[in-house]
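Subject: Handover of a structural model

Dear colleague,

Please find below the sequence and structure that I am handing over to you. My findings follow the structure.

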Amino acid sequence: MTLTTSAPVNRLTADDDLFLKLHSLYGNALVNQLAWRFDEPVDRDVLARFHAQLAQGFLARRVHNARLPFARPYWLPATASLPLGWDSAPVADDEILDWYFAQSRVDFEPETGQVWRLSAAPTTSGGTLVSLVTSHVASDGGAVLFAVGDALSRLGESPDRATGSGTLVGIPPRNSLSANVIDAGHQLRAVAKGIRAAIAARAVTEPDRNPRPDTPPLPLPPRWSPADLVVQLDLAEWNAAAATHSGTTNGLLIALGAGILGRSGRVGDTADIRVDIPNSMRTTDDPRANATTGLPISVTYRAGEPIDLAAVRAAVKRAATAYRDPATTPALQHLQPVQMILPRFVLRHFARTAKAPECLCTNLGETAQGVSTIAGHKASAVLMRPVVCTNDTEMFRRVEVGVNLSFATDGHTITLAITGADPDRFPTRTALRTLATAEFESWGLTAHFW
């Protein structure tokens with residue numbers, strides 16, 4: 001991998017800043033996981049070399065506060081990393097999902113750069129499980145794939161930040177006071193511009209989310225782990241089902257998410273479900289930790305009927321077109337510079353009423369397959385997903401989390417991750433699997449659950 005640019009001073013984006021503030025309020029409530037499943041042993045020495053490359057690469061970054069009002073913090077090379085985790089006890093096939101979820105139980109420290117963890121374990125069938133869990137403060141999915149691709153391409157070399165993706169992380173300004181004063185001025189101008197744009201776009205609206213039904217809560221423990229599934233499906237069968245209903249690969253993913261949510265009773269018949277679709281804005285050698293925007297659309301759920309895939313396709317197209325033009329972009333999107341200058345105690349006030357997406361659908365396409373081979377070992381499956389971590393049961397009810405789907409394919413087989421994070425609609429993995437199975441069958445899809 002040849003790097004063509006560098007980032008002398010790499011300031012946090014609005015998304016970085018938001019995830020950093022949420023980390024200070026909730027800790028590691030949400031992490032990203034890139035996971036490999038190998039049918040053969042992978043030597044610990046190979047993973048140690050992989051870890052060493054990551055420790056000098058794009059993920060190895062820490063937050064440095066500017067210490068000047070309104071100036072943005074910036075990224076510097078990490079001063080520490082979490083060690084490689086190696087579980088010597090083999091993992092049985094029916095324990096694989098639990099092992100992957102257990103890797104999310106990690107404490108990240110953005111101020112030191114301890115924002116990722118690589119871990120592995122053998123399986124009882126002779127294979128190897130590998131997990132890379134990352135903090136959303138320091139990397140979105142695109143950043144992880146870029147960092148991992150660079151690290152894997154350098155396994156035969158000595159780790160060197162100066163020649164790999166680590167050179168994009170950033171360096172401190174020569175004159176920090178002057179640079180921070182200038183950045184503070186830029187930020188204040190951005191705030192003024194954002195407020196003007198928000199006022200101009202005040203009539204532009206986003207799809208509404210549905211309030212969580214007020215029903216008696218299930219008798220659950222004070223802390224709860226969201227239900228999660230990993231499913232493999234045939235891509236040709238998936239695309240045939242989509243085409244039969246005048247839809248696309250992505251449209252069927254969205255329909256499945258909305259359908260599972262509807263079947264759970266979270267929304268009623270004929271409800272318009274808000275579906276959030278992450279959209280990568282990452283460019284070549286992009287230094288940003290987070291370079292993803294979201295496209296919200298509205299999808300109508302009708303009990304006993306398939307989601308209208310033609311309507312989904314039209315909604316996605318409208319949203320993509322609208323968000324390219326500031327005049328048709330909702331006002332809240334223009335206020336990101338304002339969000340960055342809000343003090344933490346103000347954010348804490350808003351966080352009390354903030355809500356999570358009711359349905360989030362991420363389509364990674366074939367991008368994860370670019371990192372499917374580690375030192376000649378080809379993974380039988382590559383999984384990339386957001387992990388909603390164990391937390392207070394009442395917190396999940398308060399923020400009204402719904403269902404998340406994450407799609408990746410190798411061109412033949414789909415690996416689909418599903419998380420149900422409403423404790424009263426998806427109390428167990430079995431409950432989620434029952435709903436997902438019914439939804440797959442309604443589309444004629446054959447699902448193979450891990």
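How many of the 8 residues of β15 are buried? In this predicted model, 8 of the 8 are, so the strand is largely enclosed by the rest of the structure. The burial applies to both faces of β15: A381, L383, R385 and V387 are buried on one side, and V382, M384, P386 and V388 are buried on the other.

The sheet containing β15

β15 (381–388) is an edge strand, as is β5, and each of these pairs on one side only. The sheet to which they belong is open, has 5 strands in the order β5-β6-β7-β2-β15, and shows mixed pairing. At one end of that order, β2 and β15 run antiparallel and are joined by 8 bridges; W36 has V382 as its bridge partner in β15. At the other end, β5 and β6 pair in the parallel sense over 2 bridges, and the partner of W86 in β6 is A120.

Helices lying across this sheet

Helix α2 lies across β2, β5, β6 and β7 and runs at about 175° to β6. Helix α4 lies across β2, β7 and β15, at about 40° to β2.

Which residues of α2 (residues 44–54) are buried? They are V46, L47, F50, H51, Q53 and L54. Viewed down the axis of α2, these buried residues fall within an arc of 160°, so they line one face of the helix.

A separate description concerns β1, β4 and β3, which form an open sheet of 3 strands in the order β1-β4-β3, with antiparallel pairing. Its edge strands are β1 (10–11) and β3 (61–64), each of which pairs on one side only. Between β3 and β4 (residues 74–77) the antiparallel pairing extends over 4 bridges. The bridge partner of R62 in β4 is L76.

A helix–helix contact

At what angle do α7 and α8 pack? Helix α7 (residues 249–263) and helix α8 (residues 309–322) pack at an angle of about 110°, and their axes are 9 Å apart. That makes α7 roughly perpendicular to α8. On the α7 side the contact is made by G251, L252, I254 and A255, and on the α8 side by L309, V312 and V316. The residues of this contact comprise 6 nonpolar, 1 polar and no charged.

Apart from its neighbours within four places in sequence, K21 is in contact with Q339, M340, I341, L342, R344 and L347.

With kind regards

Key. Residues are numbered from 1 along each chain as its sequence is written. This is a predicted model: local features need pLDDT of at least 70, side-chain atom pairs count only at pLDDT 80 or more; totals for chains, interfaces and linings use all residues. Side-chain values use heavy atoms; hydrogens and water are left out. Buried means under 20% relative accessible area, exposed over 50%, partly exposed in between (1.4 Å probe, protein chains only). The arc is that of the directions from the helix axis to the C-beta atoms. Axes are lines fitted to C-alpha atoms, for helices over the stretch in contact, and angles run from 0 to 180 degrees between N-to-C directions. Angles under 35 degrees count as roughly parallel, over 145 as roughly antiparallel, 65 to 115 as roughly perpendicular and the rest as oblique. Contact means heavy atoms within 4.5 Å. Ala, Val, Leu, Ile, Met, Phe, Trp, Tyr, Cys and Pro count as nonpolar, Asp, Glu, Lys and Arg as charged, and the others, Gly among them, as polar. Two strands pair if DSSP finds at least two bridges between them.
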